[in-house]
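Welcome, and thank you for joining this tour. Please open your viewer and get ready to select residues as we go.

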Amino acid sequence: MATPNEVTFLTDPYTWTTLSFLLVVGFGGFKAVKGISAALDKRAQKISDELDEAQRLREEAQELLAKYQAKQREALKEADEIRAHAKVEADRMLENAQAELKASLKRREQQAMDRIANLETQAIAEVRARVAEIAAQATLALVSEKVTAAKADELVDNAIAEIKVRLN
């Protein structure tokens, strides 16, 4: 056996200090590893949640982009339809304006022709009236020279009656 002053493994304070140190470090290390592990797990979960949120936001952004692109295509299509409709409408209005212009020109031409015909008729009537007047004066002068007063009155009356019949 060992002597009372002799230090054995179980009686050595260094052994117990080392053993205590190892127990404290082991237990503390276990707790620390467990805490660090929990913190890392928490951090990993937070990063995973952020990645999921980022993925969700990315998908929403892609959906919005697709919607806006569809709206843009629809707006362009509608603009093309409006442009085509406006062109058709402008062509129709041009045709109507040309038809109205032609009709107006025909009306004005007809009015001018009517005026010319009226003026021609008036001129012919005035010439006839003047010719009749001159003929009547010439007849009167001729008759007054060669015919007696009674015969002259009779010839003038006959000539006037004949002119009236011819003018009407």
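The stops below take in some salt bridges and then a pocket. Please keep in mind that this is a predicted model.

**Stop 1**

Begin by selecting residues 13–146, which make up helix H1, and then residues 149–167, which make up helix H2. Give each helix its own colour, as both will come up again.

**Stop 1: a trio in helix H1**

How many salt bridges does a search of the whole structure find? The search finds six, and we will visit some of them. Select Glu53, Arg56 and Glu60, and show their side chains: salt bridges link these residues in a network.

Look at arginine 56 and glutamate 53 to begin with. Their side chains meet in a salt bridge, with 2.3 Å from N to O. Why can these side chains meet? The two residues are three apart in helix H1, so about one helical turn separates arginine 56 and glutamate 53.

Now turn to the other partner, glutamate 60. Its side chain meets that of arginine 56 in a salt bridge of 2.2 Å, N to O. Here the residues are four apart in helix H1, which again means a separation of about one helical turn.

**Stop 3**

Next, select glutamate 89 and arginine 92. The side chains of this pair meet in a salt bridge, at 2.1 Å from N to O. The two are three residues apart in helix H1, so about one helical turn lies between glutamate 89 and arginine 92. Relative accessibility is 26% for glutamate 89, which counts as partly exposed. Arginine 92, at 39%, is also partly exposed.

**Stop 2: the largest pocket**

For the last stop, select Arg128, Ala132, Ala135, Ala136, Thr139, Ala159, Glu162, Ile163, Arg166 and Leu167, which line the largest pocket. The volume of this pocket is about 200 Å³.

Which helices supply its lining? With your colours still on, look for helix H1 and helix H2: each supplies at least two residues of the lining.

Six of the lining residues are nonpolar, one is polar and three are charged.

How values were computed:
Residues numbered from 1 in each chain as written. Predicted model: local features only at pLDDT ≥ 70, side-chain atom pairs only at ≥ 80, totals over all residues. Heavy atoms only, no water. 1 Å grid on protein atoms, 1.4 Å probe; cavity = no way out; pocket = protein on both sides within 12 Å on 5 of 7 lines; lining within 4 Å. Points joined across faces, edges and corners; volume = space filled by probe spheres on them. Nonpolar A, V, L, I, M, F, W, Y, C, P; charged D, E, K, R; others polar. Salt bridge = Lys/Arg side-chain N within 4 Å of Asp/Glu carboxyl O. Buried < 20%, exposed > 50% of the residue type's maximum accessible area, 1.4 Å probe, protein only.
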